[in-house]
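I opened the notebook to record a few look-ups. The entries follow in the order I made them.

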Amino acid sequence: MKTYTNTGSKDTRSGFGAGLAELGKSNENVVALCADLTGSLKMNAFADAHPDRFFQVGIAEANMIGIAAGMTIGGKIPFTGTFANFSTGRVYDQIRQSVAYSDKNVKICASHSGLTLGEDGATHQILEDIGLMKMLPGMTVINTCDYNQTKAATLAIADHHGPVYLRFGRPKVANFTPEDGEFHIGKAVHLQEGTDVTIVATGHLVWEALEAAKELHEKGISADVINIHTIKPLDEEAIINSVKKTGCIVTAEEHNYMGGLGESVARTLAQHLPTPQEFVATQDTFGESGTPDQLLEKYGLNAENIAAKAMAVIKRKK
Amino acid sequence: MADIQHLKDLVSQVRRDIVRQVHAVNSGHPGGSLGCTEFIVALYNEIMDHDPSFQMDGKNEDLFFLSNGHISPVFYSVLAHAGYFPKEELSTFRKLDSRLQGHPTTHEGLPGVRIASGSLGQGMSVGIGAAHSKKLNGDDKTVFTLHGDGELQEGQNWEAIMYASANHVDNLVATIDVNGQQIDGSTDSVLALGDLRMKFEAFGWEVVTVSKGNDLEAVIAGIKEAISLSRKRKPVCILLHTVMGHGVDFMMGSHEWHGIAPNDEQLADALSQNPETLGDY
(Lines give C-alpha, C1' and ligand atoms only; values in the text may rest on other atoms or scores of the structure.)
Protein backbone atom coordinates (compact mmCIF):
# COMPACT_ATOMS: atom_id res chain seq x y z
CA MET A 1 0.00 0.00 0.00
CA LYS A 2 1.25 3.42 -0.92
CA THR A 3 1.85 5.77 1.98
CA TYR A 4 1.33 9.49 1.99
CA THR A 5 3.03 11.85 4.37
CA ASN A 6 1.77 15.13 5.69
CA THR A 7 4.73 17.39 4.99
CA GLY A 8 3.29 20.07 7.28
CA SER A 9 -0.30 21.24 7.62
CA LYS A 10 -1.16 24.35 5.67
CA ASP A 11 -4.35 26.06 4.59
CA THR A 12 -5.55 25.65 1.02
CA ARG A 13 -6.29 29.37 0.78
CA SER A 14 -2.59 30.08 1.27
CA GLY A 15 -1.94 27.83 -1.70
CA PHE A 16 -4.23 30.10 -3.68
CA GLY A 17 -2.42 33.20 -2.41
CA ALA A 18 0.96 31.72 -3.32
CA GLY A 19 -0.26 30.72 -6.78
CA LEU A 20 -1.73 34.15 -7.39
CA ALA A 21 1.49 35.84 -6.32
CA GLU A 22 3.41 33.67 -8.78
CA LEU A 23 0.95 34.50 -11.55
CA GLY A 24 1.47 38.16 -10.80
CA LYS A 25 5.06 37.75 -11.88
CA SER A 26 4.54 35.34 -14.78
CA ASN A 27 1.36 36.61 -16.46
CA GLU A 28 0.85 40.33 -16.84
CA ASN A 29 -2.78 39.86 -17.91
CA VAL A 30 -3.74 38.46 -14.53
CA VAL A 31 -5.67 40.95 -12.40
CA ALA A 32 -7.20 40.35 -8.99
CA LEU A 33 -10.33 41.71 -7.37
CA CYS A 34 -11.36 41.36 -3.77
CA ALA A 35 -14.45 42.30 -1.77
CA ASP A 36 -12.89 43.42 1.51
CA LEU A 37 -11.34 40.05 2.36
CA THR A 38 -7.81 40.44 1.03
CA GLY A 39 -6.21 38.95 4.13
CA SER A 40 -8.70 36.10 4.41
CA LEU A 41 -8.08 35.14 0.78
CA LYS A 42 -4.30 35.55 1.18
CA MET A 43 -4.23 37.98 -1.71
CA ASN A 44 -1.91 40.44 0.06
CA ALA A 45 1.25 39.34 -1.71
CA PHE A 46 -0.31 39.97 -5.11
CA ALA A 47 -1.86 43.24 -3.95
CA ASP A 48 1.44 44.52 -2.54
CA ALA A 49 3.51 43.53 -5.56
CA HIS A 50 1.04 44.68 -8.22
CA PRO A 51 -1.10 47.53 -6.86
CA ASP A 52 -2.01 48.56 -10.41
CA ARG A 53 -3.49 45.13 -11.07
CA PHE A 54 -5.27 44.70 -7.76
CA PHE A 55 -8.80 46.08 -7.35
CA GLN A 56 -10.37 46.48 -3.94
CA VAL A 57 -14.12 46.68 -4.63
CA GLY A 58 -15.36 46.88 -1.08
CA ILE A 59 -18.30 44.91 0.28
CA ALA A 60 -20.02 44.72 -3.08
CA GLU A 61 -19.73 41.26 -4.58
CA ALA A 62 -22.20 41.76 -7.43
CA ASN A 63 -20.23 44.75 -8.66
CA MET A 64 -17.02 42.73 -8.33
CA ILE A 65 -18.30 39.98 -10.63
CA GLY A 66 -19.49 42.55 -13.16
CA ILE A 67 -16.19 44.44 -13.15
CA ALA A 68 -14.33 41.16 -13.57
CA ALA A 69 -16.52 40.26 -16.56
CA GLY A 70 -15.87 43.68 -18.09
CA MET A 71 -12.13 43.38 -17.58
CA THR A 72 -11.98 40.28 -19.75
CA ILE A 73 -12.93 42.57 -22.62
CA GLY A 74 -9.48 43.90 -23.29
CA GLY A 75 -7.83 40.58 -22.53
CA LYS A 76 -7.43 40.62 -18.76
CA ILE A 77 -7.71 37.42 -16.74
CA PRO A 78 -9.53 38.42 -13.56
CA PHE A 79 -9.35 36.38 -10.35
CA THR A 80 -12.10 37.36 -7.91
CA GLY A 81 -11.72 36.52 -4.25
CA THR A 82 -14.20 36.29 -1.43
CA PHE A 83 -15.82 33.62 0.77
CA ALA A 84 -17.50 30.78 -1.12
CA ASN A 85 -20.93 31.84 0.05
CA PHE A 86 -20.54 35.36 -1.33
CA SER A 87 -18.72 34.05 -4.41
CA THR A 88 -21.67 31.96 -5.55
CA GLY A 89 -25.12 32.14 -3.97
CA ARG A 90 -24.99 35.87 -3.41
CA VAL A 91 -24.03 36.63 -7.00
CA TYR A 92 -25.52 33.71 -8.89
CA ASP A 93 -27.34 35.87 -11.42
CA GLN A 94 -24.29 38.04 -12.08
CA ILE A 95 -22.20 34.93 -12.69
CA ARG A 96 -24.93 33.38 -14.82
CA GLN A 97 -25.47 36.34 -17.16
CA SER A 98 -22.25 38.33 -17.19
CA VAL A 99 -19.78 35.45 -16.84
CA ALA A 100 -21.11 32.01 -17.82
CA TYR A 101 -23.67 32.87 -20.51
CA SER A 102 -21.27 35.49 -21.85
CA ASP A 103 -18.36 33.00 -21.76
CA LYS A 104 -16.06 35.40 -19.96
CA ASN A 105 -12.64 34.34 -18.79
CA VAL A 106 -13.25 35.01 -15.10
CA LYS A 107 -11.77 32.89 -12.32
CA ILE A 108 -14.08 32.88 -9.32
CA CYS A 109 -11.88 31.93 -6.39
CA ALA A 110 -13.71 31.02 -3.23
CA SER A 111 -12.29 30.46 0.21
CA HIS A 112 -13.93 29.38 3.48
CA SER A 113 -16.09 26.84 1.69
CA GLY A 114 -17.98 24.13 3.54
CA LEU A 115 -18.30 23.43 7.23
CA THR A 116 -14.63 24.02 8.08
CA LEU A 117 -15.15 27.76 8.06
CA GLY A 118 -16.13 26.82 11.58
CA GLU A 119 -17.22 29.22 14.27
CA ASP A 120 -18.80 31.82 11.97
CA GLY A 121 -21.61 29.34 11.53
CA ALA A 122 -24.23 28.54 8.94
CA THR A 123 -24.65 32.03 7.45
CA HIS A 124 -21.07 31.92 6.22
CA GLN A 125 -20.70 28.21 5.51
CA ILE A 126 -21.91 27.16 2.10
CA LEU A 127 -22.65 23.53 1.34
CA GLU A 128 -24.37 23.97 -2.01
CA ASP A 129 -21.87 26.02 -4.01
CA ILE A 130 -20.52 23.11 -6.07
CA GLY A 131 -24.07 22.38 -7.19
CA LEU A 132 -24.80 26.00 -8.03
CA MET A 133 -21.65 26.34 -10.11
CA LYS A 134 -21.71 22.97 -11.85
CA MET A 135 -25.21 23.60 -13.15
CA LEU A 136 -23.98 26.58 -15.16
CA PRO A 137 -23.19 25.58 -18.75
CA GLY A 138 -19.52 26.10 -19.55
CA MET A 139 -18.40 26.49 -15.95
CA THR A 140 -15.39 24.49 -14.80
CA VAL A 141 -15.60 23.50 -11.12
CA ILE A 142 -12.48 22.68 -9.11
CA ASN A 143 -12.18 21.78 -5.43
CA THR A 144 -8.61 21.24 -4.28
CA CYS A 145 -7.37 19.02 -1.48
CA ASP A 146 -4.25 20.67 -0.04
CA TYR A 147 -1.89 23.63 -0.22
CA ASN A 148 0.29 22.30 -3.03
CA GLN A 149 -2.63 21.28 -5.19
CA THR A 150 -4.42 24.58 -4.67
CA LYS A 151 -1.33 26.46 -5.75
CA ALA A 152 -0.96 24.26 -8.83
CA ALA A 153 -4.65 24.68 -9.69
CA THR A 154 -4.41 28.46 -9.37
CA LEU A 155 -1.58 28.47 -11.90
CA ALA A 156 -3.39 26.04 -14.21
CA ILE A 157 -6.66 27.94 -14.45
CA ALA A 158 -4.90 31.07 -15.69
CA ASP A 159 -3.98 29.15 -18.83
CA HIS A 160 -7.45 27.71 -19.32
CA HIS A 161 -9.82 29.89 -21.32
CA GLY A 162 -13.28 30.14 -19.82
CA PRO A 163 -15.08 30.65 -16.54
CA VAL A 164 -13.75 28.66 -13.60
CA TYR A 165 -14.96 28.18 -10.04
CA LEU A 166 -12.01 27.35 -7.76
CA ARG A 167 -13.07 26.25 -4.28
CA PHE A 168 -10.82 25.99 -1.26
CA GLY A 169 -10.97 26.41 2.50
CA ARG A 170 -9.88 28.10 5.66
CA PRO A 171 -8.29 25.64 8.10
CA LYS A 172 -4.86 24.10 8.01
CA VAL A 173 -5.06 20.62 6.55
CA ALA A 174 -2.52 17.96 5.70
CA ASN A 175 -0.26 18.91 2.81
CA PHE A 176 0.60 15.66 1.09
CA THR A 177 0.58 16.11 -2.68
CA PRO A 178 3.96 16.76 -4.34
CA GLU A 179 5.23 20.33 -4.30
CA ASP A 180 5.86 20.19 -8.04
CA GLY A 181 2.72 18.15 -8.78
CA GLU A 182 1.18 18.75 -12.17
CA PHE A 183 -2.41 19.89 -12.32
CA HIS A 184 -4.54 18.81 -15.26
CA ILE A 185 -8.06 20.23 -15.25
CA GLY A 186 -10.56 17.40 -15.59
CA LYS A 187 -8.05 14.63 -14.89
CA ALA A 188 -8.53 12.67 -11.68
CA VAL A 189 -5.53 11.65 -9.58
CA HIS A 190 -5.34 7.98 -8.68
CA LEU A 191 -3.91 7.87 -5.17
CA GLN A 192 -4.26 4.26 -4.11
CA GLU A 193 -4.73 0.97 -5.93
CA GLY A 194 -7.43 -1.27 -4.49
CA THR A 195 -9.92 -3.97 -5.43
CA ASP A 196 -12.72 -4.10 -2.84
CA VAL A 197 -14.19 -0.59 -2.87
CA THR A 198 -13.66 2.69 -4.70
CA ILE A 199 -13.41 5.87 -2.65
CA VAL A 200 -13.58 9.11 -4.59
CA ALA A 201 -13.09 12.27 -2.61
CA THR A 202 -12.70 15.97 -3.25
CA GLY A 203 -11.26 18.89 -1.29
CA HIS A 204 -10.32 18.49 2.35
CA LEU A 205 -11.82 15.01 2.44
CA VAL A 206 -9.18 13.52 0.15
CA TRP A 207 -6.78 13.20 3.10
CA GLU A 208 -9.59 11.67 5.14
CA ALA A 209 -10.16 9.18 2.32
CA LEU A 210 -6.49 8.14 2.50
CA GLU A 211 -6.79 7.74 6.26
CA ALA A 212 -9.92 5.66 5.74
CA ALA A 213 -8.08 3.46 3.26
CA LYS A 214 -5.43 2.82 5.94
CA GLU A 215 -8.10 1.81 8.45
CA LEU A 216 -9.71 -0.46 5.87
CA HIS A 217 -6.36 -1.98 4.99
CA GLU A 218 -5.90 -2.96 8.62
CA LYS A 219 -9.22 -4.80 8.35
CA GLY A 220 -8.03 -6.55 5.21
CA ILE A 221 -10.07 -4.41 2.83
CA SER A 222 -8.40 -3.00 -0.24
CA ALA A 223 -9.64 0.48 -1.26
CA ASP A 224 -9.05 2.22 -4.57
CA VAL A 225 -8.73 5.95 -3.78
CA ILE A 226 -9.19 8.71 -6.32
CA ASN A 227 -8.79 12.46 -5.85
CA ILE A 228 -11.43 14.22 -7.92
CA HIS A 229 -10.14 17.79 -7.87
CA THR A 230 -12.22 18.71 -10.92
CA ILE A 231 -15.89 18.06 -10.42
CA LYS A 232 -16.79 19.52 -13.79
CA PRO A 233 -15.74 18.28 -16.27
CA LEU A 234 -15.76 15.01 -14.36
CA ASP A 235 -13.17 12.35 -15.19
CA GLU A 236 -15.83 9.71 -15.84
CA GLU A 237 -13.35 7.25 -17.25
CA ALA A 238 -11.32 7.11 -14.04
CA ILE A 239 -14.46 6.45 -12.00
CA ILE A 240 -15.86 3.82 -14.34
CA ASN A 241 -12.53 2.00 -14.63
CA SER A 242 -12.23 1.89 -10.87
CA VAL A 243 -15.71 0.54 -10.15
CA LYS A 244 -15.21 -2.09 -12.86
CA LYS A 245 -12.57 -3.50 -10.49
CA THR A 246 -14.27 -2.86 -7.18
CA GLY A 247 -18.02 -3.02 -7.86
CA CYS A 248 -18.96 -0.38 -5.29
CA ILE A 249 -18.15 3.23 -4.46
CA VAL A 250 -18.11 5.81 -1.67
CA THR A 251 -18.03 9.51 -2.50
CA ALA A 252 -16.74 12.00 0.06
CA GLU A 253 -17.08 15.76 0.04
CA GLU A 254 -17.54 18.77 2.31
CA HIS A 255 -20.82 19.66 0.61
CA ASN A 256 -24.46 18.71 0.61
CA TYR A 257 -25.06 15.23 -0.81
CA MET A 258 -27.42 16.89 -3.28
CA GLY A 259 -25.73 18.77 -6.06
CA GLY A 260 -22.18 17.83 -5.24
CA LEU A 261 -19.54 15.35 -6.36
CA GLY A 262 -21.57 12.36 -5.19
CA GLU A 263 -24.48 13.28 -7.38
CA SER A 264 -22.25 13.75 -10.43
CA VAL A 265 -20.71 10.33 -9.80
CA ALA A 266 -24.15 8.75 -9.33
CA ARG A 267 -25.37 10.19 -12.61
CA THR A 268 -22.29 8.94 -14.42
CA LEU A 269 -22.63 5.43 -13.02
CA ALA A 270 -26.40 5.31 -13.58
CA GLN A 271 -25.76 5.99 -17.25
CA HIS A 272 -22.74 3.75 -17.77
CA LEU A 273 -22.37 1.18 -15.02
CA PRO A 274 -24.99 1.16 -12.24
CA THR A 275 -23.09 0.59 -8.99
CA PRO A 276 -23.97 0.61 -5.28
CA GLN A 277 -22.91 3.98 -3.86
CA GLU A 278 -22.74 5.59 -0.43
CA PHE A 279 -22.43 9.31 0.18
CA VAL A 280 -20.21 10.97 2.77
CA ALA A 281 -21.57 14.50 2.71
CA THR A 282 -23.95 16.67 4.68
CA GLN A 283 -27.49 15.37 4.55
CA ASP A 284 -29.51 18.34 3.27
CA THR A 285 -28.84 20.44 6.33
CA PHE A 286 -27.31 23.81 7.13
CA GLY A 287 -24.21 23.91 9.29
CA GLU A 288 -23.67 25.57 12.67
CA SER A 289 -20.92 27.11 14.79
CA GLY A 290 -18.13 24.94 16.09
CA THR A 291 -14.48 24.17 15.50
CA PRO A 292 -13.73 22.59 12.13
CA ASP A 293 -12.88 19.26 13.74
CA GLN A 294 -16.04 19.24 15.84
CA LEU A 295 -18.15 20.00 12.78
CA LEU A 296 -16.50 17.39 10.60
CA GLU A 297 -17.10 14.81 13.31
CA LYS A 298 -20.71 15.81 14.01
CA TYR A 299 -21.63 15.76 10.32
CA GLY A 300 -19.65 12.61 9.61
CA LEU A 301 -17.17 14.13 7.18
CA ASN A 302 -14.14 12.17 8.35
CA ALA A 303 -12.06 9.05 7.81
CA GLU A 304 -14.06 7.05 10.33
CA ASN A 305 -17.33 7.59 8.50
CA ILE A 306 -15.76 7.05 5.08
CA ALA A 307 -14.51 3.67 6.31
CA ALA A 308 -17.92 2.84 7.79
CA LYS A 309 -19.67 3.72 4.52
CA ALA A 310 -17.14 1.63 2.64
CA MET A 311 -17.96 -1.41 4.80
CA ALA A 312 -21.67 -0.76 4.25
CA VAL A 313 -21.41 -0.41 0.49
CA ILE A 314 -19.29 -3.55 0.11
CA LYS A 315 -22.20 -5.48 1.63
CA ARG A 316 -24.50 -4.10 -1.06
CA LYS A 317 -22.42 -5.59 -3.89
CA LYS A 318 -24.30 -8.15 -5.94
CA MET B 1 -20.40 66.01 -37.94
CA ALA B 2 -21.84 63.39 -40.20
CA ASP B 3 -24.53 64.65 -42.54
CA ILE B 4 -27.41 65.42 -40.16
CA GLN B 5 -29.98 64.50 -42.79
CA HIS B 6 -28.39 61.11 -43.14
CA LEU B 7 -28.60 60.60 -39.39
CA LYS B 8 -32.25 61.63 -39.42
CA ASP B 9 -32.91 59.20 -42.23
CA LEU B 10 -31.20 56.51 -40.19
CA VAL B 11 -33.37 57.33 -37.17
CA SER B 12 -36.50 56.91 -39.28
CA GLN B 13 -35.26 53.65 -40.77
CA VAL B 14 -34.23 52.26 -37.37
CA ARG B 15 -37.70 53.06 -36.01
CA ARG B 16 -39.20 51.10 -38.89
CA ASP B 17 -36.87 48.21 -38.12
CA ILE B 18 -37.88 48.27 -34.45
CA VAL B 19 -41.61 48.00 -35.01
CA ARG B 20 -41.21 45.48 -37.81
CA GLN B 21 -38.96 43.22 -35.72
CA VAL B 22 -41.34 43.26 -32.79
CA HIS B 23 -44.43 42.88 -34.95
CA ALA B 24 -43.02 39.89 -36.83
CA VAL B 25 -42.77 37.74 -33.70
CA ASN B 26 -45.52 39.46 -31.73
CA SER B 27 -42.97 39.86 -28.96
CA GLY B 28 -40.35 42.33 -27.78
CA HIS B 29 -39.96 45.83 -26.39
CA PRO B 30 -40.77 48.68 -28.75
CA GLY B 31 -41.34 51.51 -26.24
CA GLY B 32 -37.85 51.92 -24.80
CA SER B 33 -36.28 51.03 -28.15
CA LEU B 34 -38.06 53.88 -29.93
CA GLY B 35 -37.23 56.28 -27.10
CA CYS B 36 -33.48 55.54 -27.33
CA THR B 37 -33.21 55.60 -31.12
CA GLU B 38 -31.61 59.03 -31.46
CA PHE B 39 -29.10 58.22 -28.72
CA ILE B 40 -27.88 54.92 -30.13
CA VAL B 41 -27.89 56.19 -33.72
CA ALA B 42 -25.82 59.19 -32.62
CA LEU B 43 -23.43 57.06 -30.61
CA TYR B 44 -22.61 54.63 -33.42
CA ASN B 45 -22.70 57.09 -36.30
CA GLU B 46 -21.37 60.33 -34.88
CA ILE B 47 -19.55 59.72 -31.62
CA MET B 48 -17.84 56.37 -31.30
CA ASP B 49 -14.64 55.29 -32.95
CA HIS B 50 -15.52 51.67 -33.56
CA ASP B 51 -14.78 48.83 -35.94
CA PRO B 52 -17.65 46.80 -37.45
CA SER B 53 -15.21 44.04 -38.38
CA PHE B 54 -15.53 43.35 -34.64
CA GLN B 55 -12.90 42.13 -32.26
CA MET B 56 -14.25 40.94 -28.93
CA ASP B 57 -11.45 42.63 -26.96
CA GLY B 58 -12.26 46.04 -28.50
CA LYS B 59 -8.75 47.39 -27.99
CA ASN B 60 -8.26 50.96 -29.23
CA GLU B 61 -11.98 51.30 -29.91
CA ASP B 62 -14.74 53.10 -28.05
CA LEU B 63 -17.05 50.51 -26.50
CA PHE B 64 -20.76 50.48 -25.82
CA PHE B 65 -22.59 48.24 -23.36
CA LEU B 66 -26.36 48.05 -23.37
CA SER B 67 -27.37 47.32 -19.80
CA ASN B 68 -31.14 47.46 -20.38
CA GLY B 69 -30.94 44.57 -22.81
CA HIS B 70 -34.66 44.42 -23.51
CA ILE B 71 -34.31 47.31 -25.96
CA SER B 72 -32.42 44.93 -28.23
CA PRO B 73 -34.47 45.89 -31.36
CA VAL B 74 -32.86 49.33 -31.54
CA PHE B 75 -29.42 47.94 -30.72
CA TYR B 76 -29.63 45.23 -33.39
CA SER B 77 -30.90 47.66 -36.02
CA VAL B 78 -28.14 50.18 -35.37
CA LEU B 79 -25.47 47.45 -35.38
CA ALA B 80 -26.79 46.07 -38.67
CA HIS B 81 -26.85 49.49 -40.32
CA ALA B 82 -23.31 50.07 -39.06
CA GLY B 83 -22.17 46.92 -40.85
CA TYR B 84 -21.71 44.48 -37.97
CA PHE B 85 -23.99 41.89 -39.64
CA PRO B 86 -26.38 41.78 -42.60
CA LYS B 87 -29.56 43.83 -42.24
CA GLU B 88 -31.57 40.84 -43.49
CA GLU B 89 -30.73 39.06 -40.26
CA LEU B 90 -33.07 41.45 -38.41
CA SER B 91 -35.89 39.26 -39.74
CA THR B 92 -34.70 36.45 -37.44
CA PHE B 93 -35.20 38.51 -34.26
CA ARG B 94 -36.42 36.32 -31.37
CA LYS B 95 -36.83 33.31 -33.65
CA LEU B 96 -35.46 29.80 -33.18
CA ASP B 97 -31.80 29.36 -34.19
CA SER B 98 -31.28 33.12 -34.46
CA ARG B 99 -28.24 35.07 -33.29
CA LEU B 100 -30.65 37.87 -32.39
CA GLN B 101 -31.95 36.61 -29.05
CA GLY B 102 -34.71 38.45 -27.23
CA HIS B 103 -31.97 39.95 -25.10
CA PRO B 104 -28.47 40.43 -26.53
CA THR B 105 -25.86 37.80 -25.84
CA THR B 106 -22.38 36.78 -26.87
CA HIS B 107 -23.54 33.18 -26.68
CA GLU B 108 -24.73 33.09 -30.28
CA GLY B 109 -21.69 34.99 -31.53
CA LEU B 110 -23.45 38.05 -32.88
CA PRO B 111 -20.82 40.63 -33.90
CA GLY B 112 -21.19 43.85 -31.94
CA VAL B 113 -22.33 42.25 -28.71
CA ARG B 114 -19.64 41.85 -26.05
CA ILE B 115 -21.70 40.65 -23.10
CA ALA B 116 -25.16 39.34 -22.34
CA SER B 117 -27.65 41.71 -20.80
CA GLY B 118 -31.26 41.46 -19.87
CA SER B 119 -31.14 40.62 -16.23
CA LEU B 120 -31.08 44.26 -15.20
CA GLY B 121 -28.50 46.15 -13.22
CA GLN B 122 -25.25 44.56 -14.35
CA GLY B 123 -24.09 46.77 -17.20
CA MET B 124 -22.44 49.55 -15.25
CA SER B 125 -20.17 47.13 -13.43
CA VAL B 126 -19.20 45.62 -16.76
CA GLY B 127 -18.53 49.08 -18.18
CA ILE B 128 -16.27 49.87 -15.24
CA GLY B 129 -14.35 46.65 -15.80
CA ALA B 130 -13.89 47.45 -19.48
CA ALA B 131 -12.80 50.97 -18.58
CA HIS B 132 -10.21 49.61 -16.13
CA SER B 133 -8.99 47.23 -18.80
CA LYS B 134 -8.52 50.12 -21.23
CA LYS B 135 -6.42 52.04 -18.74
CA LEU B 136 -4.27 48.98 -18.01
CA ASN B 137 -3.76 48.55 -21.75
CA GLY B 138 -2.82 52.21 -22.26
CA ASP B 139 -5.89 52.54 -24.48
CA ASP B 140 -7.34 56.06 -24.32
CA LYS B 141 -10.75 55.28 -25.82
CA THR B 142 -14.05 55.72 -23.99
CA VAL B 143 -16.56 53.22 -22.59
CA PHE B 144 -20.25 54.12 -22.96
CA THR B 145 -23.11 52.40 -21.18
CA LEU B 146 -26.87 52.80 -21.35
CA HIS B 147 -29.31 52.03 -18.54
CA GLY B 148 -33.03 52.39 -18.05
CA ASP B 149 -34.14 54.71 -15.28
CA GLY B 150 -36.25 51.95 -13.73
CA GLU B 151 -33.14 49.79 -13.85
CA LEU B 152 -31.57 52.03 -11.21
CA GLN B 153 -33.86 50.29 -8.74
CA GLU B 154 -31.40 47.39 -8.92
CA GLY B 155 -28.93 47.80 -6.06
CA GLN B 156 -25.88 46.66 -8.01
CA ASN B 157 -25.97 49.99 -9.87
CA TRP B 158 -25.35 51.87 -6.66
CA GLU B 159 -22.41 49.64 -5.80
CA ALA B 160 -21.03 50.49 -9.23
CA ILE B 161 -21.85 54.20 -9.01
CA MET B 162 -20.04 54.43 -5.67
CA TYR B 163 -17.09 52.41 -6.95
CA ALA B 164 -16.61 54.42 -10.16
CA SER B 165 -16.10 57.73 -8.39
CA ALA B 166 -14.04 56.27 -5.55
CA ASN B 167 -11.70 54.76 -8.14
CA HIS B 168 -11.67 57.70 -10.58
CA VAL B 169 -13.08 55.72 -13.50
CA ASP B 170 -13.08 58.80 -15.73
CA ASN B 171 -13.09 57.06 -19.11
CA LEU B 172 -16.68 55.94 -18.57
CA VAL B 173 -19.81 57.78 -19.78
CA ALA B 174 -22.95 56.16 -18.36
CA THR B 175 -26.26 57.29 -19.80
CA ILE B 176 -29.57 56.89 -18.02
CA ASP B 177 -32.63 56.79 -20.25
CA VAL B 178 -34.96 58.88 -18.12
CA ASN B 179 -38.36 58.16 -19.64
CA GLY B 180 -40.15 57.81 -16.32
CA GLN B 181 -41.78 54.52 -17.27
CA GLN B 182 -41.35 50.89 -16.35
CA ILE B 183 -43.45 47.75 -16.85
CA ASP B 184 -45.89 48.27 -14.02
CA GLY B 185 -46.37 52.02 -14.51
CA SER B 186 -44.50 55.26 -14.02
CA THR B 187 -41.24 55.09 -12.09
CA ASP B 188 -42.82 57.51 -9.63
CA SER B 189 -45.64 55.10 -8.91
CA VAL B 190 -43.54 51.93 -8.79
CA LEU B 191 -40.48 53.10 -6.85
CA ALA B 192 -39.71 56.80 -7.16
CA LEU B 193 -36.10 57.52 -8.12
CA GLY B 194 -35.95 60.96 -6.55
CA ASP B 195 -33.56 63.58 -7.86
CA LEU B 196 -31.14 61.65 -10.03
CA ARG B 197 -28.84 64.62 -10.63
CA MET B 198 -28.41 65.14 -6.91
CA LYS B 199 -27.92 61.43 -6.37
CA PHE B 200 -25.19 61.10 -9.00
CA GLU B 201 -23.51 64.29 -7.85
CA ALA B 202 -23.62 63.13 -4.25
CA PHE B 203 -21.89 59.95 -5.41
CA GLY B 204 -19.13 62.06 -6.98
CA TRP B 205 -20.10 62.02 -10.66
CA GLU B 206 -20.18 64.73 -13.29
CA VAL B 207 -23.72 65.01 -14.63
CA VAL B 208 -24.95 66.25 -18.00
CA THR B 209 -28.67 66.64 -18.52
CA VAL B 210 -30.13 66.30 -22.00
CA SER B 211 -33.70 67.51 -21.70
CA LYS B 212 -34.54 66.78 -25.34
CA GLY B 213 -33.40 63.19 -25.61
CA ASN B 214 -35.29 62.67 -28.86
CA ASP B 215 -33.70 65.63 -30.60
CA LEU B 216 -30.72 64.38 -32.55
CA GLU B 217 -28.69 67.58 -32.34
CA ALA B 218 -29.36 67.94 -28.62
CA VAL B 219 -28.33 64.33 -28.02
CA ILE B 220 -25.09 64.74 -29.96
CA ALA B 221 -24.29 67.95 -28.11
CA GLY B 222 -25.00 66.25 -24.79
CA ILE B 223 -22.73 63.29 -25.48
CA LYS B 224 -19.96 65.61 -26.67
CA GLU B 225 -20.29 67.67 -23.51
CA ALA B 226 -20.07 64.49 -21.45
CA ILE B 227 -16.89 63.46 -23.28
CA SER B 228 -15.40 66.90 -22.64
CA LEU B 229 -15.99 66.35 -18.91
CA SER B 230 -14.32 62.94 -18.92
CA ARG B 231 -10.65 62.28 -18.03
CA LYS B 232 -10.92 64.59 -15.04
CA ARG B 233 -10.82 61.91 -12.34
CA LYS B 234 -14.61 61.61 -12.25
CA PRO B 235 -17.04 59.30 -14.04
CA VAL B 236 -19.60 61.11 -16.18
CA CYS B 237 -23.32 60.50 -16.37
CA ILE B 238 -25.84 61.70 -18.94
CA LEU B 239 -29.44 62.02 -17.79
CA LEU B 240 -31.13 61.57 -21.13
CA HIS B 241 -34.77 62.61 -20.94
CA THR B 242 -36.63 60.66 -23.61
CA VAL B 243 -40.22 59.82 -24.38
CA MET B 244 -40.99 56.11 -24.37
CA GLY B 245 -42.33 55.10 -27.76
CA HIS B 246 -41.11 58.29 -29.45
CA GLY B 247 -41.88 58.51 -33.15
CA VAL B 248 -45.05 56.43 -32.99
CA ASP B 249 -47.79 58.69 -31.65
CA PHE B 250 -50.02 56.03 -30.13
CA MET B 251 -47.11 54.49 -28.24
CA MET B 252 -45.68 57.70 -26.86
CA GLY B 253 -45.38 58.43 -23.17
CA SER B 254 -47.10 55.33 -21.88
CA HIS B 255 -45.69 52.32 -20.06
CA GLU B 256 -48.31 50.23 -21.89
CA TRP B 257 -45.96 49.88 -24.87
CA HIS B 258 -42.98 48.81 -22.79
CA GLY B 259 -43.21 45.22 -23.85
CA ILE B 260 -46.02 44.54 -26.31
CA ALA B 261 -46.09 44.29 -30.06
CA PRO B 262 -48.26 46.24 -32.51
CA ASN B 263 -50.92 44.39 -34.51
CA ASP B 264 -51.07 44.63 -38.33
CA GLU B 265 -53.06 47.82 -38.34
CA GLN B 266 -50.91 49.46 -35.68
CA LEU B 267 -47.80 48.43 -37.59
CA ALA B 268 -49.06 50.11 -40.73
CA ASP B 269 -49.82 53.24 -38.73
CA ALA B 270 -46.37 53.21 -37.09
CA LEU B 271 -44.65 52.73 -40.46
CA SER B 272 -46.62 55.58 -42.00
CA GLN B 273 -45.20 57.87 -39.33
CA ASN B 274 -41.60 56.78 -40.10
CA PRO B 275 -40.87 56.82 -43.81
CA GLU B 276 -38.61 54.26 -45.43
CA THR B 277 -35.35 56.09 -46.09
CA LEU B 278 -32.51 53.60 -46.40
CA GLY B 279 -34.40 50.48 -47.42
CA ASP B 280 -36.29 47.97 -45.33
CA TYR B 281 -34.59 44.67 -44.57
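How do the residues of the lining of the largest pocket divide into nonpolar, polar and charged? I note before the count that the model is predicted. I find 5 nonpolar, 13 polar and 4 charged residues in that lining.

Entry on the pocket. I looked up the volume of the largest pocket, which is about 300 Å³.

I checked the UniProt record, an unreviewed entry, which gives "domain: Transketolase N-terminal" for residues 9-269 of chain B. I get 39% helix and 12% strand over residues 9-269 of chain B, with 18 Å between the end C-alpha atoms.

I get 39% helix and 19% strand for residues 10-175 of chain A, and the end C-alpha atoms of the span are 6 Å apart.

Entry on one side chain. I picked F200(B), which sits in helix α8, residues 196-202 of chain B. Is F200(B) buried or exposed? I count F200(B) as buried because its relative accessibility is 0%, and the cut-off for buried is under 20%. Leaving aside residues up to four places away in sequence, I list the contacts of F200(B) as L152(B), I161(B), I176(B), W205(B), V207(B), C237(B) and L239(B).

Conventions: Residues are numbered from 1 along each chain as its sequence is written. Chains are lettered from A and ligands numbered from 1 in the order in which they are written. This is a predicted model: local features need pLDDT of at least 70, side-chain atom pairs count only at pLDDT 80 or more; totals for chains, interfaces and linings use all residues. Side-chain values use heavy atoms; hydrogens and water are left out. Helices (H or I, at least four residues) and strands (E, at least two) are DSSP runs, numbered from the N terminus. On a 1 Å grid over the protein atoms alone, a cavity is a set of points where a 1.4 Å probe fits but cannot get out, and a pocket is an open set with protein on both sides within 12 Å along at least five of seven lines; lining residues have an atom within 4 Å of a point. Grid points are joined across faces, edges and corners, and a volume is the space filled by probe spheres set on the points. Ala, Val, Leu, Ile, Met, Phe, Trp, Tyr, Cys and Pro count as nonpolar, Asp, Glu, Lys and Arg as charged, and the others, Gly among them, as polar. UniProt positions are given in the numbering used here, feature names are shortened, and annotations may be inferred rather than shown by experiment. Buried means under 20% relative accessible area, exposed over 50%, partly exposed in between (1.4 Å probe, protein chains only). Contact means heavy atoms within 4.5 Å.
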